[in-house]
Amino acid sequence: MPSGRTHDRITLWTLPVVAGTSHIITGNSHFTLLIAGSFLFSGLMFGPDLDIYSLQFLRWGWLRYLWLPYQKSIRHRSLFSHGPIIGTALRVLYLATWIGMLAFLTLVAHRLIAGGSELSNLALNVALDMARSVKRSLLERYPEWLSLFIGMELGAMSHYLSDWLGSAYKRFAANKQTSNKERTSASKRTAKERQGKSQKSKVKSQK
Ligand SMILES: [Zn+2]
């Protein structure tokens, strides 16, 4: 499969194509920016190779530790990281869970300091408020969320397509090599056989 640098190059080369096509389809620079931006984000640091110690993983800096449980629970190049749509959907859910948890703790702490009510009530209120705002945002801004998801999926797609092409090429090259070896050993064998036969016929004619 291609190295991280090759994946980067593929992402950067295909970026103008993705941006151009999105602009033609949507006819809108706002959505084009969302799709191209999330394509770049996905190709450089939110792609399928977050399931191993990779360039994408390292680009998260200190935040990369957030991805350790993900790496521990998903086998490299499995369907859950490299599968079409499911890979991106799982990563989005995974990151959203972390962001949700951090936002929840921050909001609870903030309201506690501000002198709120009992902790259990406060936590419940914060959770309900957060759920309401997520729902509202998803309903009101679904074209934006969809554009972001499409961009991220396209970024991941360029990754697993090149992974797949890389593996297919390797398999093809390996098959070619073995068939070449087989052919040379077979031709050596027939040459030996021919030599043996001619020696036998020589012995016969001498008799
Ligand atoms: Zn990969």
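Helices are DSSP runs of H or I with at least four residues, numbered from the N terminus, and the expected span of a helix is 1.5 Å times one less than its number of residues. This is a predicted model, in which local features need pLDDT of at least 70 and side-chain atom pairs count only at pLDDT 80 or more, while totals for chains, interfaces and linings use all residues. Residues are numbered from 1 along each chain as its sequence is written.

Helix α1 covers residues 4–26; its 23 residues reach 31 Å from first C-alpha to last, close to the 33 Å expected. At Thr14, α1 bends by about 40°, and Pro16 follows within four residues; the bend is the angle between axes fitted to the seven residues ending at a residue and the seven starting there. After α1 comes Gly27, with a positive phi near 65°.

Helix α2, residues 29–45, has 17 residues and spans 23 Å between its first and last C-alpha, close to the expected 24 Å. A residue is buried if 20 or more other C-beta atoms, placed from the backbone, lie within 10 Å of its own. Among the buried residues of α2 are Phe31, Leu34, Ile35 and Phe39.

A nonpolar core is a set of buried Ala, Val, Leu, Ile, Met, Phe, Trp, Tyr and Cys residues joined through C-beta atoms within 7 Å. The largest such core has 13 residues, and Val18, Leu34 and Met152 are among those with the most contacts inside it. Its largest share, six residues, comes from α2.

Notes
Helix = DSSP H or I, 4+ residues; strand = E, 2+ residues; numbered from the N terminus. Buried ≥ 20, exposed ≤ 12 C-beta atoms within 10 Å, placed from the backbone.
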